[in-house]
Amino acid sequence: MRVFPISNWTELDVWQYIAEETVEVPSKYFAHEREVFERDGMLYAVGPFMQMMDGERPFAATVRYRTVGDVSCTGAVESEAGTLERVVAEIAATEATERGQTRGEDRVSEAAMEDRKRQGYF
């Protein structure tokens with residue numbers, strides 16, 4: 001049996017808990033200037049694991065990651081939130097979900113997450 005005790009937490013709940021408990025967070029979750037490119041309305045990191053397609057060009061932007069996953073399907077968001085307090089405030093003010101804003105695979109297939117579950121990803 002698998003149990004997910006925080007599976008009903010929102011992204012905001014998680015960040016508020018991190019702030020309250022002063023949990024150390026990797027810097028990738030905070031805004032930095034990074035080289036990115038745009039594909040299908042999402043920003044992807046320029047690097048050895050992503051091949052840009054014709055017409056895609058790299059540019060510098062201040063971004064952060066709302067989730068960290070496979071570089072080939074996880075997008076960054078434009079952000080100035082370089083501190084934990086600013087991340088919490090940004091998430092509290094946004095209407096876009098983390099999934100909808102940063103998961104490229106969801107744009108490929110509506111069943112992408114279910115496909116991953118069947119493959120044993122979770």
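What share of the contacts in the protein chain with a separation of 6 or more comes from residues 24 or more positions apart? In this predicted model, such residues account for 53% of those contacts.

## Overall composition

The protein chain contains five helices and four strands. Along the sequence, these elements follow the pattern α-β-β-β-β-α-α-α-α.

Of the 122 residues in the protein chain, 33% are buried. The accessible surface of the chain is about 8,300 Å², and carbon and sulfur atoms contribute 50% of that area.

## The sheet

The four strands form an open sheet in the order β2-β1-β3-β4, and their pairing is antiparallel. Because β2 (42–45) and β4 (77–78) are at the edges and have a single partner strand each, one side of each is left without a neighbour in the sheet.

The bridge partner of R64 in β4 is V77.

## Packing of α1 and α2

Helix α1 (residues 11–20) and helix α2 (residues 84–93) have axes that come within 10 Å and cross at roughly 160°. With angles over 145 degrees counted as roughly antiparallel, α1 is therefore roughly antiparallel to α2. The crossing of α1 past α2 is left-handed.

On the α1 side, the contact is made by E11, L12, W15, Q16, I18 and A19. The α2 side supplies L84, V87, V88, I91 and A92.

Technical notes:
Residues numbered from 1 in each chain as written. Predicted model: local features only at pLDDT ≥ 70, side-chain atom pairs only at ≥ 80, totals over all residues. Heavy atoms only, no water. Helix = DSSP H or I, 4+ residues; strand = E, 2+ residues; numbered from the N terminus. Buried < 20%, exposed > 50% of the residue type's maximum accessible area, 1.4 Å probe, protein only. Contact = heavy atoms within 4.5 Å. Areas by Shrake-Rupley, 256 points an atom, 1.4 Å probe, with all protein chains shown as cover. Pairing = 2+ DSSP bridges. Axes fitted to C-alpha atoms, helices over the stretch in contact; angles between N-to-C directions. Parallel < 35°, antiparallel > 145°, perpendicular 65-115°, else oblique. Left-handed = near helix turned anticlockwise from the far one by under 90°.
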